[in-house]
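Okay everyone, thanks for coming.

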Amino acid sequence: MNESLSVLEIFKRSSEFLFKKGVNSHKSDAEWIVSTFLNISKLDIYLDKHFIEDVSSLDHVRNAIVRRGKREPLQHILGSVGFYNCSLISDNRALIPRFETEQLVELIIQNLPSNFSGTISDFGTGSGSIIIALAKYYKNSKCFGIDRCPLALSLAEENILKNQLESRIELSEYDWIHQQYNRQNLDLLVANPPYLSESEWVCTEPEVKDYDPKIALVASDNGKSDIEAILKIAPKVLAKSGMLAMEFGLGQSDFITEKCQDIFTDILIKKDLSGIRRFFIGKLKD
């Protein structure tokens, strides 16, 4: 980039570069990067009233665009991501929170009263996105986030502090495949566990395969092992009529329903906005 360029020209060149690198969201990502690193609004890009002469500012934009061209996730470059009215730090220590998972939070809120004050445990808390969103919404709830990965827990802790919820959420390291969970009488167990098969993971975009932790995505037994472990644990740790809410993968709904029909009642299988069956909610039978 030359030393004196209009913001619109910077945006156009950035977008074209990302397009050539195969980034489908090249225009949107260029908008985010240009507006963030030049500290202007997205509208200012198109009003084209600003000329940038500061070499340092141009270098920041260029470096960010080059990183995105290497398919590093936009959220990592910006350093943050929005999730259900929360702002979260985002880096490669944990899975980037997905829009689909916001739907899981919304589904929980639709099925629990607004004055819910029970105990919530988030299995595989990762960045802390789900438990932070629920703790913010249910202000009198008791919240616990668990994960098998210390790096993910360190990110979750930072996000809890960022959202000023350190007095509300307790974190702990736990591997539900190999350890026994010592907490009981949960009113809500929520989980977005690993559910991809190895072959599905191989086919993911570079942003996922190269930057998201594989441990947060892939499960053995064709993507089912972690889900099955959680389904076995849930009846032991849920309170009477306690709720399990879980995200799962493509083609796994029949498997989950079959495993749950004798254990849970009021079972709901909900589709995501792409029409894929993605979410399970059920209440423990008395």
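So, Arg 68 and Asp 29 meet side chain to side chain in a salt bridge, 2.7 Å from N to O. By salt bridge I mean a side-chain nitrogen of Lys or Arg within 4 Å of a carboxyl oxygen of Asp or Glu. The two partners sit 39 residues apart, with Arg 68 in helix H4 (residues 55–69) and Asp 29 in helix H2 (residues 26–37). Helices here are DSSP runs of H or I, at least four residues, numbered from the N terminus.

Quick caveat: this is a predicted model, where local features need pLDDT of at least 70 and side-chain atom pairs count only at pLDDT 80 or more, while totals for chains, interfaces and linings use all residues. Residues are numbered from 1 along each chain as its sequence is written, and side-chain values use heavy atoms, with hydrogens and water left out.

Now, buried or exposed? Arg 68 is buried, at 5% relative accessible area. Buried is under 20%, exposed over 50%, partly exposed in between, with a 1.4 Å probe and protein chains only.

Arg 68 also bridges to Glu 207, at 3.0 Å between the closest N and O atoms. Glu 207 is in helix H10 (residues 206–209), so this pair ties together parts 139 residues apart in sequence.

How many salt bridges are there? The structure holds 16.

Methods: Helices (H or I, at least four residues) and strands (E, at least two) are DSSP runs, numbered from the N terminus.
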